[in-house]
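Hi,

Here is the structure I promised to pass on. Have a look at it first, and my notes on what turned up follow below.

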Amino acid sequence: MADETKNEDYFPGAGLEAKNWYLGRIEPESGRLLQNEVSSGQMVISLLAGANAGGSVAMLAYISNPTRNIIPHSTGVLALFIAGFVLALLLAAYAYYLNLFRLDRWNSRLASFYRGDTSWRGLWTDRQVRWARLTEVLGWLSFTFFAGGAGLGIVEIVCQ
């Protein structure tokens with residue numbers, strides 16, 4: 001059980017005014033985290049998945065047209081688009097679990113603060129997730145594969 005003699009930096013020992021101040025700061029942060037973590041990367045992920053899938057469909061439509069000659073590296077172009085699409089799907093799954101992890105960690109730290117095990121400053125420290133950069137890596141890889149597939153496809157079609 002929390003030590004009731006702790007100073008006002010801990011929730012159980014705080015007075016009514018301090019508790020209201022804490023709650024006034026925590027509730028908007030919790031709402032912001034929930035909203036931000038749910039929707040933060042969805043636009044980028046949707047764009048990457050749509051662009052790669054659209055590029056794949058366009059490439060398949062071009063390849064399957066019997067009136068045109070098949071471009072020399074059509075399989076490579078299609079493979080780049082599909083790799084970009086698969087990376088966008090991995091990004092979506094990873095971003096979902098990363099957001100879930102951040103929200104779960106916030107809730108556990110908040111419970112610790114309410115019990116009096118964590119101070120107000122301790123609640124806000126070390127909020128970074130070390131492996132969160134993987135979302136950027138997956139996003140840029142997906143974009144790079146899309147750009148490579150689109151660039152190679154355009155060069156092959158123009159030079160045909």
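Predicted model: local features only at pLDDT ≥ 70, side-chain atom pairs only at ≥ 80, totals over all residues.

Before the tour, one term: helices (H or I, at least four residues) and strands (E, at least two) are DSSP runs, numbered from the N terminus.

Residues are numbered from 1 along each chain as its sequence is written, and side-chain values use heavy atoms, with hydrogens and water left out.

I call a residue buried under 20% relative accessible area, exposed over 50%, and partly exposed in between (1.4 Å probe, protein chains only). Serine 119 has a relative accessible area of 13%, so it is buried. Contact means heavy atoms within 4.5 Å; leaving aside neighbours within four places in sequence, serine 119 is in contact with Asp9, Tyr10 and Phe113.

The other serine to look at is serine 142, in helix 5 (residues 134-158). Its relative accessible area is 0%, so serine 142 is buried too. Beyond its neighbours within four places in sequence, serine 142 is in contact with Leu48, Asn52, Gly84, Leu87 and Ala88.

**The nonpolar cores**

A nonpolar core here is a set of buried Ala, Val, Leu, Ile, Met, Phe, Trp, Tyr and Cys residues joined through side-chain atoms within 4.5 Å. The largest one has 12 residues: Ile45, Leu48, Ala49, Leu87, Ala88, Leu91, Tyr94, Ala95, Leu98, Val129, Ala132 and Leu138. Helix 2 (42-64) and helix 3 each put at least two residues into this core, and helix 3 gives the largest share, with 6 residues. Apart from it lies another core of 11 residues, including Ala18, Tyr22, Ile26 and Trp106.

Not counting residues up to four places away in sequence, tyrosine 94 touches Trp131, Ala132, Leu134, Thr135 and Leu138. Tyrosine 94 and leucine 138 are 44 residues apart along the chain, with 9.1 Å between their C-alpha atoms. Leucine 98, with neighbours within four places in sequence left aside, is in contact with Val129, Trp131, Ala132 and Thr135.

**Aromatic pairs**

Rings of Phe, Tyr and Trp (its six-membered ring) pair if their centres lie within 6.5 Å; planes under 30 degrees apart count as stacked, over 60 as edge-to-face and the rest as tilted. The whole structure has 7 aromatic pairs. In one of them, the rings of tyrosine 22 and phenylalanine 113 have centres 5.2 Å apart and planes at 85°, so this pair is edge-to-face. It links distant parts of the chain, with tyrosine 22 in helix 1 (residues 16-39) and phenylalanine 113 in helix 3, 91 residues apart. Both tyrosine 22 and phenylalanine 113 are buried.

Phenylalanine 101 and tryptophan 131 make a tilted pair, 5.1 Å centre to centre with 45° between the planes. Phenylalanine 101 lies in helix 3 and tryptophan 131 in the loop between helix 4 (120-124) and helix 5, so the pair ties together parts that are 30 residues apart in sequence. Phenylalanine 101 is partly exposed at 33% relative accessibility, and so is tryptophan 131 at 44%. Ring pairs also link Trp21, Tyr22, Phe113 and Tyr114 into a cluster.

**Salt bridges**

Side chains of opposite charge can pair when their charged atoms come close. By the cut-off used here, a salt bridge is a side-chain nitrogen of Lys or Arg within 4 Å of a carboxyl oxygen of Asp or Glu. How many salt bridges does the structure hold? There are 2. Arginine 115 forms one with aspartate 117, with the closest N and O atoms 3.0 Å apart. Arginine 115 is partly exposed at 47% relative accessibility, as is aspartate 117 at 45%. Glutamate 136 and arginine 133 meet in a salt bridge at 2.9 Å, N to O. Here glutamate 136 is partly exposed at 40% relative accessibility, whereas arginine 133 is exposed at 55%.

Cheers
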